[in-house]
Amino acid sequence: MTVTDGIKRRDFLKVLGVTGAGATMTGCGTGEVEKLLPYVVAPEEITPGVATWYATTCGGCSAGCGMWVRTREGRAVKVEGNPNHPISKGGLCARGHATLQHLYNPDRFAGPMIREGDRFRQGTWDEAERLLAARIQGARTAGQQVMFVGGHTGPTMSRLVDAFLSAVGSGTRVEYDAVSDAPLREATRLAYGVDQLPTYDIAAAHLLLSFGNDFIEDGSSPVAHNKGLAQMSSVDAAGHEKGTFVYLGPRLSTTGLNADEWLPIRPGSEATVALGMASYLAGADAPPAYANLLQGYDLARAAAASGIGEDTLRELAERFRDAGPSLAMGPGAGAHHRNATAANLAVLILNEVAGNVGRTVMVGDGQNAASSPFSSMADAIAMMAGGGVGVALVHGTNPAYSLPVGSGFAAAFDQVPFKVSFASAMDETAAMADLIMPDRHFLEAWGDAHPRRGVHSVQQPVMQAVPHFDSKQSGDALIAVARHLGTDMGAATFYEYFRAPHQAMHADDPAAFERMWHEHLRTGMFGMGGMAMGGMGMGMAAGAGMGPAGDAVQLRAPDVALTFDVPAFDGSGDLTLIVHPSPRFGGGEFSNSPWMQELPDPVSKITWHSWLEMNPATAEARGIREGDIVTVTSPHGSVEVPVWIYPGIREDAVALAMGGGHTEMGRWATGSGVNAMQLLPAAAEQPSGAFVTLATTVSVAPTGQRRRIATIEGSNQQYDRPIAPAVALAALGHAGEEHEEGAHHEPLQELQGYGGVQPVPAEEGAPTAYPLAGADHGLYADAHEKPRWGMAIDLDKCTGCSACVTACHAENNVPWVGEQQVVMGRDMSWVRIERYYEHIDATHASHLDVRFLPMICQHCGNAPCEPVCPVYATYHTPEGVNAQVYNRCVGTRYCANNCPYKVRVYNWYRYADENVPEPMTWQWNPDVTVRTNGIMEKCSFCMQRIRDAENRAALEEGREVRDGEIVPACQQSCPAEAIVFGNLRDPESRVSQVVANERTYRVLDELINTQPAVNYLKKVTFHEVSGGH
Amino acid sequence: MKKNWLIGGLAGVFALAGLAFVQGGGAEGEAAVAATIQPIAFPHNQHAGSEPGQNRMDCQFCHFSAERSVDAGIPAVSSCWGCHQVVQGTTPQQQAEIAKIRGYVESGEPIPWVRIHKISDHAHFPHMRHVNAGLQCQQCHGEVQTMGTFEAPDPVWGGSNMGWCIECHRNPPEGLQKADGTPIEEASIDCAVCHY
């Protein structure tokens, strides 16, 4: 086609060019009018643009981990572990991070809600408080009780509730924890007369046995236990002896996947195995109180009950005795069968026989985590059903969801004339209430936690209450209600009530008290001084097993009859159902957090929806494929759920996680997944009264329907590529002797032009060799004198817990995409925890080898993504960071296509703009660009933190950044302390010291010469590893 | 021939549309910065100017966090009022504008200033690094102390003109120095220094 006369093609383009320019100018000149709103009165502690930090205590569960909260311009934007806290020591789990989404949850109540027929009307606080006071008055007149059903609250709130109930006359306080350690607490009471949970010193153990205890996910202190496990089971530069972790149970949880050996014992056989081992070890020296009991057990019986060979058990028992301090942990919340107390007692006996009590098992340490029994709730239900309760107050717990229909809770609760919920957002229990008095989030409220003797932790408001929601701290509401009833609680506000006892201790010197109080708030702890002297913490000194009075605890005979045998399971199905707390949702209280919904489950890598875990052999025998939707039927209910094939579960069991299938819990939880509790009987284990989770058999029938699983997993196999190689313990120290797989002795090769594959000179392959030879000009002329930022990730420590994933979401404004988009492979997480099976056998006792590998942008020195970008949006900084310039990116996605690590994620649909409603946008980190659609993004090594540290260093004295000043969000959060960031070029930096290890390797480096800045340290196994993987 | 008409017509339509945009944009752009749209006709020259009768205030008296934060800061209403409850103005116009401050103080509302200077969301500008290196505010923001109410976007920096930044990072003005006193000869032109 030619243009002959008139307007020439060139002229046409010129005209277009001019109009184009006009349009461009227009683009710059218009836009919304933006307002700058100053403070009316500037708060002293806030400098705009500078973060203010507050110390507080995480209220996500009862573990009481210390938290530092980063606020900007008065808004909490990030929570982190408090490094000085004796329990969590700087770690924070994924759920801890997600508490921030509860704060800004758009589904929180706008104010007090008063029922009018089928719906709620928003009222004022005064109205709500007067209404409640009047109803309590009415109940008193009618001779009915006021009942307070509470989840785990701090000591001050518990004290206030008790005082309130006694002030209003006849009141009952019922503690109810959906996920509870009641059997362990009862077993400890039976064995030692101490009605408390024991504490464990996992790090000190040389051999750790978990009898179905998923201690890094649930239980009394997941973060501390995670830290302990990482320390105990890893080798480190200091020559720490590597301890062995053996998991005994029908299903491998995240905790179980970290084990060195797996004994897939029959569900419910823990007690028989523990007693058989104890009997074998004790011989004639059995503890007198249990000599008769142990006589009835031996290894043969244990072998018969568990399905594990007698020789294996004998050998394990001997190792348990000889290991030095060893440690065994009894069944946790995912394995509470009808004899769970007996099983926990049996494990305590095993510890006693092996001499662990007082060394790794500390009894009488005041461990105060969630351990209330279900039986008291059952009594409460009976009382409600009997009409004895006039007013029921529910605080911090959601029994209408977490108890099966058969428990009768919903029916009984419905009969109570006046029901009050303190939930801050709608849940299944609040939906039934007559009055909702929305509580503050713990980041807006005062409180305290007393997780263990000597650890008294402060909870303080880190910001003004989110103004969208007219909430009130429940303590304040109760004080106001009491006032309407003519009772003075002794304080005008909860804050005063909270301070009063501390103030009373220093009544003689108010100034000193104020100074001390300020110090408490600054550290987040009461009495740090005393604690330092007492040496509290997980790494406790010997002799810490003393009881509260300092006496050594004595094993004694139980005062109730116990059955140690394998319990009966309900129904006649051929598969035993395991219902376990979810690592993401806990018992379901975290289900309305989109971070938790989108976080891949550490075991299955599935996001959002529920799944049924089934052994491959079981599935094959029934013709079931992954993704088939099946009907799971127990005698108590049935659910429809897709199957996920998992080699880490016994052939005669299936598993479902808690937390799905909410019916009334906000936009993200409602309708996502199924509620596993509906398959369970409403039964209490005896004698602890714990709610049973491992109690029924089920039958599984395909529905004929299928769905695509919303998983982020590419493959669970490495296919002989050294992505996550390992090294045998025996081969350590013998580098180059061919024991080691994927070792660094292979020369790097590079495909160069027409020359074919060329070896790369040895000095070029080193992590410090940056920039590449021949590239040191222009921007990179003096790059040799600058730091090369790099990272070391110790796979021997990493437990796959996924705290780093959520920490990264929070720090870097990474949006969630939703279930359908995950199915389409569009998840946007910058950190992906790969999980590879190397050896996993659910039929025999054998070694277990599952590898976790946190995959982030490798910040390659020779990055394949860079040369394919047509617009120079991805390039290398002189400091060795592979940067992504969002404003240059035009979204060709060539870089992602060329990335061998699949770490680049693409924003397809304005996820950040459209998925994040007010006020969740308040959580956005103002130091990081919020990306829109059409932009590629990936790990930036937390560039904003690098810049922040540089700015502070330059401002202080014009110095360089010191080692350890830059801590990326993933490293900060990691409970296992597996991640170290720093300057690879500085031989003194911690990262360089960690990298200088024979276990160090870089993923796929030898194959493709990418020269990453991320260095991994191989996992160490006890068994020999064969070449390639 | 027909084809040429079509091309010409198309180009004309584009051009007209473009002009309309330019005009619209211009009008709107002016409106966005005209003094009248600020809630208070705030004269920078009266405060920071050094002419007789002007007050020679340091920029950082009001923009208080410029030397220690990424944000320069805008003064709290109470800061304005700190002086203006005494300084009531000499002309009726001044008195009328100052009276508005009292209104905001009494109602407890912030003054809804219309933002003039804004760096793009995808760029990060740490004020404190620049102020501490010895740069004068005027080098980017212009001679603000001579201006009355802002009438146009800053002629010096322009808001989204990266070339302006780069020029200075390549060839900084003389006299800039680091905290330890060494002169600054150049600043980084690495993208990720500002874009992350």
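Which strands of chain A form the closed barrel, and in what order do they run? In this predicted model, local features need pLDDT of at least 70 and side-chain atom pairs count only at pLDDT 80 or more, while totals for chains, interfaces and linings use all residues. Residues are numbered from 1 along each chain as its sequence is written, with chains lettered from A and ligands numbered from 1 in the order in which they are written.

The closed barrel has six strands in the order 21-25-22-24-23-26 (chain A), and its pairing is mixed. Strands are DSSP runs (E, at least two residues) numbered from the N terminus, and two of them pair if DSSP finds at least two bridges between them. On average, neighbouring strands of this sheet are turned by 45° against each other, direction ignored; the axes are lines fitted to C-alpha atoms. Three bridges link strand 21 (residues 575–580) of chain A to strand 26 (residues 696–706) of chain A in the antiparallel sense, with A:Leu575 opposite A:Val698 of strand 26.

The automatic or database domain assignment divides chain A into domain 1 (113–180 + 372–533), domain 2 (197–367), domain 3 (575–706) and domain 4 (726–1021). The centres of domain 1 and domain 4 of chain A, taken over C-alpha atoms, are separated by 45 Å.

Strand 5 (residues 113–116) of chain A pairs with strand 6 (residues 119–122) of chain A over four antiparallel bridges. A:Arg115 has A:Phe120 as its bridge partner in strand 6. Two residues lie between the strands of this hairpin, where A:Gly117 adopts a positive phi near 65°. Strand 5 is also joined by two bridges to strand 17 (residues 435–436) of chain A, running antiparallel, and A:Ile114 is bridged there to A:Leu435.

How values were computed: Axes fitted to C-alpha atoms, helices over the stretch in contact; angles between N-to-C directions.
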